[in-house]
Amino acid sequence: MTAAELLAALFPSGHSVREEGGLLFGTGPAAGGEVAVVGTSGGLEVGVESALALSAFVLEVARRHPGRPLLSLLDSRGQRMSRRDEILGLAGYLAHLSRAVEVTRRRGHRVIAVVYGEASSGSALALGFLADEVHAVAGARISVMNLPAMARVTKIPLDRLEEASRGSPVLAPGLESYVRLGGVESIWQPPFSKALAEALARPPGPDRRSERGQERGGRLLALSVRERVREGEP
Amino acid sequence: MTGPARSFREATARRRLEGVLDPGSFREILGPAHRLTSPHLAALDLPVSFDDGAVVGSGLLGGRPVLAAAQEGGFMGGGVGEVHGAKLAGLLGLAERQPWAGVLLLLDSGGVRLQEANAGLLAVSEVMRAVLSARAASVPVVALVGGGWGCFGGMGIVARCCDAIAMSEEGRLGVTGPDVLETTKGVEELDASDRAAVWRTYGGKHRYLLGEADRLIEDDLSAFREAAMELLSARRDLGLEELEREHRHLGRRLEEFGGCADARDVWRAAGVEDPDRLPGLEPADFRAAVRAARRGDR
Amino acid sequence: MERLSFDFACRGDPAPLLAPILVGVVASGNLEVLVEGGAPPGRCRLEVLTSARGFGEIWEAVLRDFATRHSLSGLAVSVNDAGATPAVVSLRLDQAVDEYLRRP
């Protein structure tokens with residue numbers, strides 16, 4: 001699904017979201033008022049310039065439009081991998097974007113993330129997983145790293161990884177894995193405008209992802225270990 | 001020079017905590033006797049660790065109660081798996097429940113534990129969320145980076161989500177680490193075996209000069225202890241004004257250094273005379289040499 | 001991974017019941033050792049999870065040696081091993097008991 005197709009489905013009566021060099025900025029109408037839309041398209045790899053541009057938009061929403069919901073749409077292959085981005089301190093730029101989303105959320109802006117293309121590693125962390133809720137549409141692909149690259153980095157043979165990932169939501173790339181692990185709340189069915197309206201109408205709450213992981217059987221320890229440490233169990 | 005007994009880099013995670021916190025004050029939470037090992041590593045026939053490579057607990061720092069976590073880089077490269085991440089997130093959650101002076105995160109990690117892939121990514125995201133939540137509750141969170149595995153991937157982003165970072169020259173910080181960069185983009189992009197290039201790009205000195213790290217210190221447990229004590233008072237407001245200020249700072253960085261191909265070019269553009277001598281300087285001399293050139297926002 | 005369990009007679013002094021201790025790191029060529037009290041009196045219980053298969057006899061010899069050397073009744077030892085040599089294993093075991101006994 002392209003950004004244009006997704007936007008048309010989310011905002012059937014029209015919107016003013018523009019796509020520039022793999023970045024999405026703009027607004028769309030919803031029952032409670034305008035929704036700010038930010039995100040990535042075409043599998044963009046987020047580097048220092050993109051991270052700064054995305055941050056600028058998010059900060060402007062917080063500064064100029066109190067309470068306006070923020071819809072984050074993801075189709076990014078992750079962070080841009082280059083020596084230049086590392087020299088310039090990409091970690092700082094992605095952290096800044098993460099902070100911008102978090103502060104905006106805390107100031108009372110509902111943040112909904114929808115993965116429609118790829119969501120991977122660095123950019124998924126900053127623009128996706130800090131949302132109140134993360135949803136996806138069919139065809140979206142979420143992963144940490146492709147299996148061949150993982151095989152090279154871990155020095156585990158590819159066929160071993162492939163074998164271990166069969167039936168394991170922990171290793172198998174893909175949407176179903178993330179739903180099972182609690183990382184994705186749901187897979188939206190059309191009409192997306194209705195799914196969006198329902199998401200916007202739900203009140204914000206605490207981060208439920210480890211609970212979901214437990215309920216859905218994908219992560220059986222994350223919640224209990226976290227709670228036990230939070231209690232200071234010796 | 002630091003003797004081996006005092007080196008932060010050479011120490012295990014537990015030894016680092018002992019050396020940074022007030023002597024004898026560390027009380028481990030959910031320690032190895034609970035045997036909370038990774039449920040996922042057996043599928044790849046990999047060994048487990050009773051603390052899953054993360055040591056968390058409470059202690060005193062200069063008499064003040066703090067929470068502290070240390071990653072064991074020797075175990076799976078400090079990679080964050082389901083249990084490991086849950087311990088860190090839980091500690092940060094505990095930080096909000098009582099009046100702790102702060103949280104110290106001794107990070108030594110390649111990022112997501114690839115052997116637990118998806119669970120690892122979610123674990124890192126929950127740690128990130130927990131850091132920001134603790135900070136929003138006015139609990140200072142300070143990152144100490146000086147281990148042999150560096151602080152990369154999602155943990156590099158987590159480090160930069162903290163109030164402050166202290167690094168030794170030996171420490172490294174980034175998103176895509178040198179090995180992953182070479183493996184995915186080729187040796188022309190970065191030769192991971194070129195130590196000088198790696199340290200120019202990711203090392204403590206460059207990070208300090210650029211303003212990604214707040215302190216550049218000796219590879220010594222006492223130096224990290226002193227830095228931690230100092231930085232606990234350096235809490236940054238997690239608010240819109242502060243973010244807008246930082247935004248301007250990050251924008252200026254791109255204007256000034258966006259055209260640089262190598263860190264040496266950054267140092268030269270920042271006004272350092274004879275940038276080639278920087279790598280050879282001891283921390284105190286280095287700090288003096290870059291005083292005017294440093295681009296920290298504080 | 002191979003899991004090995006041993007249960008030796010240990011007729012020495014009873015090990016004090018102190019806080020468990022962990023030494024070592026599960027890195028290639030290394031191991032971690034967890035020492036606790038709580039094995040039955042007169043016994044020393046050892047459990048090993050190792051990535052190097054087929055060395056059961058060597059483990060038995062090294063651990064039997066260790067149990068004899070320290071002869072502490074009621075000690076429970078658990079090991080996660082990533083291919084350490086017998087010399088490193090012995091060293092780590094001794095280190096662990098040493099630190100255990102030095103606990104307040």
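Strand 4, helix 3 (residues 117-136) and strand 5 of chain B form a right-handed β-α-β unit. The model is predicted. The two strands of this unit, strand 4 of chain B and strand 5 (residues 141-145) of chain B, are parallel and share five bridges. One pairing to find on screen is B:L106 with its bridge partner B:L144 in strand 5 of chain B.

Strand 4 of chain B also has a partner in strand 3 (residues 64-71) of chain B. These two strands run parallel as well, joined by four bridges. Here B:A69 has B:L105 of strand 4 as its bridge partner. Between strand 3 and strand 4 of chain B, the chain passes through helix 2 (residues 82-95) of chain B, in a right-handed β-α-β crossover.

How enclosed is strand 4 (residues 103-107) of chain B by the rest of the structure? Five of its five residues are buried, so the strand is largely enclosed. Now look at the side chains. In a regular strand they alternate between the two faces of the sheet. In strand 4 of chain B, B:V103, B:L105 and B:L107 point one way. B:L104 and B:L106 point the other way. Residues on both sides are buried.

Next, step back to whole chains.

| Property | Chain A | Chain B |
|---|---|---|
| Helices and strands | 11 helices, 11 strands | 11 helices, seven strands |
| C-alpha span along principal axes | about 50 × 40 × 40 Å | about 55 × 45 × 45 Å |
| Buried residues | 57% of 234 residues | 61% of 298 residues |

Why does the radius of gyration of chain A agree with a compact globule? A compact globule of 234 residues would have a radius near 17 Å, and chain A has 18 Å, which agrees. Chain B passes the same kind of check: for 298 residues the globule value is near 19 Å, and chain B has 19 Å, which agrees.

Last comes the contact between chains. How many residues does each of chain B and chain C bring to it? Chain B gives 12 residues and chain C gives 14 residues. On the side of chain B that touches chain C, seven residues are nonpolar, three are polar and two are charged.

How values were computed:
Residues are numbered from 1 along each chain as its sequence is written. Chains are lettered from A and ligands numbered from 1 in the order in which they are written. This is a predicted model: local features need pLDDT of at least 70, side-chain atom pairs count only at pLDDT 80 or more; totals for chains, interfaces and linings use all residues. A residue is buried if 20 or more other C-beta atoms lie within 10 Å of its own, exposed if 12 or fewer, and partly exposed in between; C-beta atoms are placed from the backbone. Two strands pair if DSSP finds at least two bridges between them. A crossover is right-handed if, with the strands pointing away from the viewer, the path from the first strand over the helix to the second runs clockwise. The radius of gyration is taken over C-alpha atoms; the globule rule is 2.2 Å times the number of residues to the power 0.38. Two residues are in contact if their C-beta atoms, placed from the backbone, lie within 7 Å. Ala, Val, Leu, Ile, Met, Phe, Trp, Tyr, Cys and Pro count as nonpolar, Asp, Glu, Lys and Arg as charged, and the others, Gly among them, as polar.
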